[in-house]
Amino acid sequence: MTEAASVYPSLENRPIKNTVVLFDVDETLTPARRHASPEMLELLSRLRHKCAIGFVGGSNLVKQQEQLGSSTIDVTTMFDFCFSENGLTAFRLGKSLASNNFIQWLGEDKYQALVDFVLKFIANTKLPRKRGTFVEFRNGMVNISPVGRAASVEERDEFEAFDKIHNIRKTLVESLKKEFPDYGLTYSIGGQISFDVFPTGWDKTYCLQHIEAEKGISGIEYKTIHFFGDKTFVGGNDYEIYEDPRTIGHSVDGPQDTIDQLKKLFDL
């Protein structure tokens, strides 16, 4: 894949060089699991000429490439910082940074016990639909979906509406907390159909260590870190970074709201 066509000033030569703007992906930059609009991508490009930008999402880089990049443009060239899986897989200016691994941290036996419990719960739960990929292992976390990540867009919408009434995900999360109280895990509901499971402290605030490390790389100290996300409520996967004292949090209600807030905040 080729690099993004636009040429941007170096980080130290951005007009607002001590500011970085970080974004959640689903329902912040894009509709859930769909592609970003041309308007959004054009606005991000204009913003990048002013200050550093980055995304931080729970999904892996392949999914973020599908949602933000294209067959000819690598997503890691479109942002200064790319934080997949909450920053456990990270890129700075297109080059990879140090990563971490969930199974190495937890251990295979504990991981299998967790997965077995989840699959039994799903097997015993009546839903409108069940598809495939109920447990998706990622580098830094496990994503659990009662309906299955293979669900179509329509089936995702259906489950989301069902879940709002019956609290399937919340019930499963509470069951996991009760069953594995000593595992040191955090459970974070995000998107339409799933929730993430990761070691406590490996939430989206994990990526901030890479932002803070920039001072030792380029000399830039990011004194202002904006974060835009939609799941900013307690238990949502944007909550920790939204509330973190190092960030200025902006809660959004979908991509259009993100666009509107960015235009106002940065005079775009």
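Reader: Thanks! Why are R46 and E42 separated by about one helical turn?
Author: Because R46 and E42 are 4 residues apart in helix α1 (residues 38-48). Helices here are DSSP runs of H or I with at least four residues, strands are E runs of at least two, and both are numbered from the N terminus. Before we go on: this is a predicted model, where local features need pLDDT of at least 70 and side-chain atom pairs count only at pLDDT 80 or more, while totals for chains, interfaces and linings use all residues. Residues are numbered from 1 along each chain as its sequence is written, and side-chain values use heavy atoms, leaving out hydrogens and water.

Reader: Got it. How do the side chains of R46 and E42 meet?
Author: In a salt bridge, at 2.4 Å from N to O. The term means a side-chain nitrogen of Lys or Arg within 4 Å of a carboxyl oxygen of Asp or Glu.

Reader: And how many salt bridges does the whole structure have?
Author: A search of the whole structure finds 19. Some are linked: K63, E136, R138, R149 and D196 form a network.

Reader: Which residues does R138 pair with in there?
Author: R138 forms a salt bridge with E136, with the closest N and O atoms 2.8 Å apart, and another with D196, at 3.7 Å. R138 lies in the loop between β6 (135-137) and β7, and D196 in strand β9 (residues 194-199), so this pair ties together parts that are 58 residues apart in sequence.

Reader: Is R138 buried or exposed?
Author: Buried, with a relative accessible area of 3%. Buried means under 20%, exposed over 50%, and partly exposed in between, using a 1.4 Å probe and protein chains only. E136 is buried too, at 14%.

Reader: Changing topic, which domains are there?
Author: The domain assignment gives domain 1 (17-88 + 202-266) and domain 2 (102-198); such bounds come from an automatic or database assignment. Their centres, taken over C-alpha atoms, are separated by 24 Å.

Reader: How many salt bridges cross the interface of domain 1 and domain 2?
Author: The rule finds 1. Elsewhere in our list of pairs, the side chains of E136 and K63 meet in a salt bridge at 3.0 Å, N to O.

Reader: Last one: where is V147?
Author: V147 is in the loop between β7 (142-144) and α5 (153-166). V147 counts as buried because its relative accessibility is 1%. The C-alpha atoms of V147 and K130 are separated by 4.7 Å, though these residues are 17 apart along the chain.
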